[in-house]
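Dear colleague,

I am passing on the structure below, together with some notes on what came out of going through it. Please read them alongside the coordinates when you have a moment.

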Amino acid sequence: STLIGTVQKNGDYAFVIPDNKNFTKDIFISENESKKLKDKDRVVVKIIDWSEKLKNPTGIVQDILTANQENDIAMKEILLQNGFPLEFSSEVIQEAMAIPNSISEDEIKQRRDFRSTFTFTIDPFDAKDFDDAISFKKLQNKHYEIGVHIADVSHYVTQGSRMDKEAYSRATSVYLPDRVLPMLPEKISNELCSLRPNEDKLTFSVVFEISQEGKVVDYWIGKTIIHSQKRFTYEDAQEIIEGGNHVYKDEILTVHQISQQLRKEKFKEGAINFSSEEIRFRLNELGKPV
């Protein structure tokens, strides 16, 4: 229902000729709407009516694009041509904004509390949201307690809500070189459900008791509350693994050693190593790849 195209003025009226060649109809813009447009303007247009009696769909111009938005236009076009809406509806935004930022004491009492356990995230340096975290604690029996914590989105997005239906229709977040089109509004994806350091967060967790040999002795699954003490980038963690000094060096090295042991066991049992190259772009301030 939303396309990018070029304005063609025709007296008091205008049409938008879509860039998407699969869309074979020009979009009619009313006299009132077309007053603000010039011939050959590049615009984002939203279809508002296409009843059977109309030869062409009728649309309204949501945005007039300028030359310095060239990269922005290209990215939006990729999203629109693949059927992804650029914005959330006002109803979805309102529902997200109505959620309180604070966590109630009643909710905390219903969860296992990991806020005093060392917890950290490891993500790309340019990550905007942190979905998962790891906690680490040495036990008196010389075993390790390792928790894997995922943001508890279902606490905020209830079944049948507007956000739930919107997320269902979007199906996934979409990652482009310079932006993310999230499945859920930013208040959920980048704030409440992003496991940012030095903030209490609601999570769903699997907590393992693991021996020094890397054997899982026991595990527990349930709702938790965590407080991440440290945000690592991949490069930070790799530097520690390769011998760099850090205040949390012992914890990182121990978890790394256990992960390698588990990985070895996994491949021994017949797991397949699916590896691929990840392409990343360095962009200038206009979004052009350099």
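In this predicted model, D236 has its place in helix α7, which covers residues 234-241. With a relative accessible area of 31%, D236 is partly exposed, and since patches take in residues with over 30% relative accessible area and no salt bridge, that value of 31% is over the cut-off. The negative surface patch to which D236 belongs is formed by E235, D236, E239 and E242.

There is also a nonpolar surface patch, of about 480 Å², and its members are F204, V216, Y219, I221 and L262. Strand β13, running over residues 216-227, gives the most to this nonpolar patch, with 3 residues; I221 is found in that strand.

Strand β13 also has a place in an open sheet of 7 strands, whose order is β6-β13-β12-β9-β8-β7-β14 and whose pairing is mixed. The edge strands of this sheet are β6 (112-113) and β14 (230-233), each of which pairs on one side only.

With best regards

Methods
Residues are numbered from 1 along each chain as its sequence is written. This is a predicted model: local features need pLDDT of at least 70, side-chain atom pairs count only at pLDDT 80 or more; totals for chains, interfaces and linings use all residues. Side-chain values use heavy atoms; hydrogens and water are left out. Patches are made of residues with over 30% relative accessible area and no salt bridge: like charges are joined within 9 Å, nonpolar side chains (Val, Leu, Ile, Met, Phe, Trp, Tyr) within 5 Å. Accessible areas come from the Shrake-Rupley method with a 1.4 Å probe; for residues, only the protein chains shown count as cover. A salt bridge is a side-chain nitrogen of Lys or Arg within 4 Å of a carboxyl oxygen of Asp or Glu. Lys and Arg count as positive and Asp and Glu as negative; His and the chain ends are not counted. The place of a charge is taken as NZ of Lys, CZ of Arg, CG of Asp or CD of Glu. Helices (H or I, at least four residues) and strands (E, at least two) are DSSP runs, numbered from the N terminus. Buried means under 20% relative accessible area, exposed over 50%, partly exposed in between (1.4 Å probe, protein chains only). Two strands pair if DSSP finds at least two bridges between them.
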